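Please keep the sequence and the model in view while reading.

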Amino acid sequence: MCGLAASTGKFQLVSNVAEFSDHIACSSSTQSELVIPFWDGDKNLLGVFDIDSDCLDAFTIRDAENLNNILCRVFSR
């Protein structure tokens with residue numbers, strides 16, 4: 001999901017990682033994931049913010065939007 005977020009420039013909200021055959025989990029207990037790419041002020045990709053959960057459907061679109069807003073404020077200066 002990290003590579004996909006970085007290459008597309010779009011956040012990846014995965015409610016059930018078991019539905020993705022090529023998903024690479026940091027932990028075998030991971031069940032859902034949210035990955036958000038972030039850039040510097042010159043629009044250069046700095047990295048991705050990756051958060052995993054041991055629960056299904058742990059993250060919402062609102063979570064993604066709020067975290068994206070925080071990352072934009074911190075890194076786009």
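## Residues with positive phi

Asp57 is found in the loop between E3 and H2. Here, helices (H or I, at least four residues) and strands (E, at least two) are DSSP runs, numbered from the N terminus. The model is a predicted one, in which local features need pLDDT of at least 70, side-chain atom pairs count only at pLDDT 80 or more, and totals for chains, interfaces and linings use all residues. Residues are numbered from 1 along each chain as its sequence is written, and side-chain values use heavy atoms, with hydrogens and water left out.

Asp57 has a phi near 50°, a positive value in a residue other than glycine. Most residues other than glycine have a negative phi. Asp57 counts as exposed because its relative accessibility is 54%; buried means under 20% relative accessible area, exposed over 50%, and partly exposed in between (1.4 Å probe, protein chains only). Lys43, in the loop between E2 and E3, also has a positive phi, near 70°. With 70% relative accessibility, Lys43 is exposed.

Is Ser53 buried or exposed? Ser53 has a relative accessibility of 14% and therefore counts as buried. Ser53 belongs to strand E3, which covers residues 45-53. Its side chain reaches the backbone nitrogen of Cys55 at 3.0 Å. Neighbours within four places in sequence being left aside, Ser53 is in contact with Ser29, Thr30, Gln31, Ser32, Ala58 and Phe59, where contact means heavy atoms within 4.5 Å.

Ser29 lies in the loop between E1 and E2 and is partly exposed, at 32% relative accessibility. Its side chain makes polar contacts with the side chain of Asp54, at 2.8 Å, and with that of Ser27, at 2.9 Å. A polar contact is a pair of N or O atoms within 3.5 Å; within protein, one must be able to donate a hydrogen and the other to accept it, and residues adjacent in sequence count only if both atoms are side-chain atoms. Although Ser29 and Asp52 are 23 residues apart in sequence, their C-alpha atoms are 9.3 Å apart in space.

## The nonpolar cores

Which residues form the largest nonpolar core? The six are Leu34, Ile36, Phe38, Phe59, Ala64 and Leu71. A nonpolar core is a set of buried Ala, Val, Leu, Ile, Met, Phe, Trp, Tyr and Cys residues joined through side-chain atoms within 4.5 Å. Strand E2 (32-39) and helix H2 (61-75) are the elements that give two or more residues to this core, and E2 supplies the largest share, three residues. A second, separate core has five residues, including Met1, Ala5, Val17 and Val35.

Phe38 is in contact with residues that include Leu45, Val48, Leu71 and Phe75, its neighbours within four places in sequence being left aside.

Phe20 is located in the loop between strand E1 (12-14) and E2. At 35% relative accessibility, Phe20 is partly exposed. Apart from neighbours within four places in sequence, Phe20 is in contact with Met1 and Val14. The C-alpha atoms of Phe20 and Thr8 are separated by 17 Å, the two residues being 12 apart along the chain.

Leu46 is part of strand E3. Its relative accessible area is 45%, so Leu46 counts as partly exposed.
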